[in-house]
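Work through the following exercises with the structure open beside the text. Each task is followed by a solution in steps.

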Amino acid sequence: MAYKKRHDGRKPDETRPITAKAGVIPKADGSGYFKIGKTEAYAAVYGPRELHPRSMQDPKQGLLRCTYNMMPFSGQGDRVRPGPSRRSKEISMVMENALRPIVDLDAYPNAVVDVFVELPQTDAGSRCAAISAAAIALADAGVKMRDVVTAVAVGFVDGLIVVDLDYEEEAWKEGEVADIPVAMIPSTGEITLLQMDGKVEKKDLLAALKQAQPVFQRIAEIQRGAVKQRYAEINDSIEKA
Amino acid sequence: MEKVTAMDNALKEHISEALGKGLRLDGRKLDEFRPISIEVGKVATAEGSAEIRCGETHVVVGVKMEVGKPYSDRPDSGTLMVNAELRPISNPLFETGPPTIESIEVARVIDRTIRESKTIDEKKLCIKAGEKVWMANIDVCPLNHDGNLIDIGALAALAALKDTKMPKIDANGQADYHEHTDEGLALESFPVAVTIVKIGSNLLVDPTDEEMRVADARLTVGSLEDGRICALQKGGDGPLTIDDIERMIDLAITTGKELRKLV
């Protein structure tokens with residue numbers, strides 16, 4: 001039986017409900033919150049600040065450093081043991097690769113821009129939520145950048161092209177599943193994260209990437225809206241004072 | 001402890017000067033807690049959870065129930081474990097890496113408060129003596145750390161334990177995290193932790209990050225609903241007189257009664 005209707009009633013190009021906010025972590029220089037369905041990510045930016053040890057400093061450009069971490073109770077199964085894992089290290093690296101093209105690191109010689117992401121709960125799509133939250137945090141911190149980065153999974157569940165797979169779809173038993181986390185610079189359509197679990201034909205992959213374009217634009221507007229909302233609030237509080 | 005910087009010395013002077021006039025930097029009275037809000041059950045992947053905000057300190061506490069083997073010296077008892085991590089998302093002074101001594105202390109004092117008060121009857125966590133027991137893992141995860149993590153984390157831990165629903169056990173004897181029962185954890189007592197810091201001759205409740213950094217000494221007092229003390233931890237390298245300790249315990253127990261009403 002082919003997967004014609006999504007198990008939660010969503011349309012194929014419909015994401016789960018999204019909530020995005022900026023300025024959620026007062027101690028940070030900038031912060032973002034991105035919740036999609038039951039996957040929830042907090043991101044904080046500290047910096048640009050001096051990079052230690054000094055031997056790592058580069059007088060030509062700053063360093064963007066990401067740290068992805070699932071809270072121990074945030075997984076679908078057993079407790080996630082605290083501390084870095086192979087998985088969290090790889091995700092931290094691909095996050096850096098996904099975000100670096102939009103950040104003007106030439107503006108921050110010898111410095112580091114640290115991005116820390118914590119996930120209180122996950123239901124698939126956590127690396128995409130982490131990237132989308134991190135982009136909001138970078139903008140909130142006033143880091144020099146040319147656009148946001150928007151990330152969401154596209155994929156196939158038993159032949160149906162869908163976006164934003166949840167855990168139940170990723171684990172779909174009755175047909176083949178391909179889960180493809182993608183990050184995009186929305187103003188140019190350039191792709192900065194591309195991974196895949198599953199099997200897919202080249203033409204189907206390209207079709208899915210093209211079909212998903214409007215979804216990225218919609219999410220990007222939500223991210224930009226979160227930053228604008230934050231600055232409207234700051235403006236109001238200045239005017240009142 | 002982190003080393004004391006010139007900034008800390010200036011901060012201490014500033015805080016002490018204000019305290020001389022009976023003021024705290026955020027305008028609170030010395031014995032006043034910051035406003036607290038607690039939301040339970042928000043984390044779908046945890047068996048129990050509490051998201052707590054106290055002033056700008058913001059913490060998520062989750063309870064994860066796992067099936068494991070009992071300790072050989074207590075074959076009919078489940079286990080309880082509290083873990084806390086001062087993650088670098090929550091404060092510019094925290095770094096990535098293995099748990100620091102500060103985070104270990106936070107975890108152990110919260111653990112002691114809950115364990116010594118026998119909040120959870122570990123015998124009731126036994127599934128099959130000598131083979132299978134429930135292990136209750138409590139993780140304290142700050143998102144924004146503006147001081148007093150022990151008190152705030154302990155209060156949220158109690159709320160999260162109260163919120164906990166046990167998972168079903170599947171045919172293989174493992175926890176099925178997608179099916180929960182209506183059965184909760186029976187809480188046998190309601191311990192709360194209250195930390196009092198001493199700055200000069202002043203005793204302060206609910207210290208902020210800055211107040212903690214400049215404190216001469218602190219005392220965390222875990223207390224029960226009947227007024228008994230269930231845990232103590234003196235922190236900081238300044239000494240306390242017996243008179244100080246008496247005043248701090250009184251203040252902690254009075255404050256604890258108000259905190260307990262929130263859970």
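**Exercise 1. Find what share of chain A is buried, and describe how the chain is built.**

Step 1. In this predicted model, 49% of the 241 residues of chain A count as buried.

Step 2. Count the elements: chain A holds 5 helices and 9 strands. Read from the N terminus, their order is β-β-β-β-α-β-α-β-β-α-β-β-α-α.

Step 3. Compare the radius of gyration with the globule rule. Chain A has 18 Å, close to the 18 Å that the rule gives for 241 residues, so chain A is as compact as a globular protein of that length.

Step 4. Take the extent along the principal axes: the C-alpha atoms of chain A fill a box of roughly 60 × 45 × 35 Å.

Step 5. Look at the contacts between residues at least 6 apart in sequence. In chain A, 71% of them join residues at least 24 apart.

**Exercise 2. Describe how helices H2(A) and H5(A) pack.**

Step 1. Locate the two helices: H2 of chain A covers residues 126-140, and H5 of chain A covers residues 213-240.

Step 2. Their axes lie 10 Å apart, at an angle of about 35°. The crossing of H2(A) and H5(A) is right-handed.

Step 3. List the residues that meet. H2(A) brings A:Ser132, A:Ala135, A:Ile136, A:Ala139 and A:Asp140, and H5(A) brings A:Ile219, A:Gln223, A:Ala226, A:Val227 and A:Arg230.

Step 4. Sort the residues of this contact by type: 6 are nonpolar, 2 polar and 2 charged.

**Exercise 3. Which residues touch the most other members of the largest nonpolar core?**

Step 1. The largest nonpolar core has 137 residues.

Step 2. The residues that touch the most other members are A:Ala43, A:Leu99, A:Ile131, A:Ala133, A:Ala134, B:Ile110 and B:Ala157.

Step 3. Take A:Ile131 as the example. Apart from neighbours within four places in sequence, A:Ile131 is in contact with A:Met95, A:Ala98, A:Leu99, A:Val149, A:Ala151, A:Ala183 and A:Leu193.

**Exercise 4. Describe the contact between chains A and B, with attention to the side of chain A.**

Step 1. The contact takes 24 residues from chain A and 28 residues from chain B.

Step 2. On the side of chain A, the elements that give two or more residues are strands S3 (39-50), S4 (63-70) and S5 (111-121). The largest share, 4 residues, comes from S5(A).

Step 3. By type, the residues on this side of chain A are 11 nonpolar, 8 polar and 5 charged.

**Exercise 5. Is B:Ser37 buried or exposed?**

Step 1. Count its surroundings. B:Ser37 has 10 other C-beta atoms within 10 Å; a residue is exposed if that count is 12 or fewer, so B:Ser37 is exposed.

Key:
Residues numbered from 1 in each chain as written. Chains lettered and ligands numbered in written order. Predicted model: local features only at pLDDT ≥ 70, side-chain atom pairs only at ≥ 80, totals over all residues. Contact = placed C-beta atoms within 7 Å. Nonpolar A, V, L, I, M, F, W, Y, C, P; charged D, E, K, R; others polar. Core = buried A, V, L, I, M, F, W, Y, C linked by C-beta atoms within 7 Å. Buried ≥ 20, exposed ≤ 12 C-beta atoms within 10 Å, placed from the backbone. Rg over C-alpha atoms; globule rule 2.2 N^0.38 Å. Axes fitted to C-alpha atoms, helices over the stretch in contact; angles between N-to-C directions. Left-handed = near helix turned anticlockwise from the far one by under 90°.
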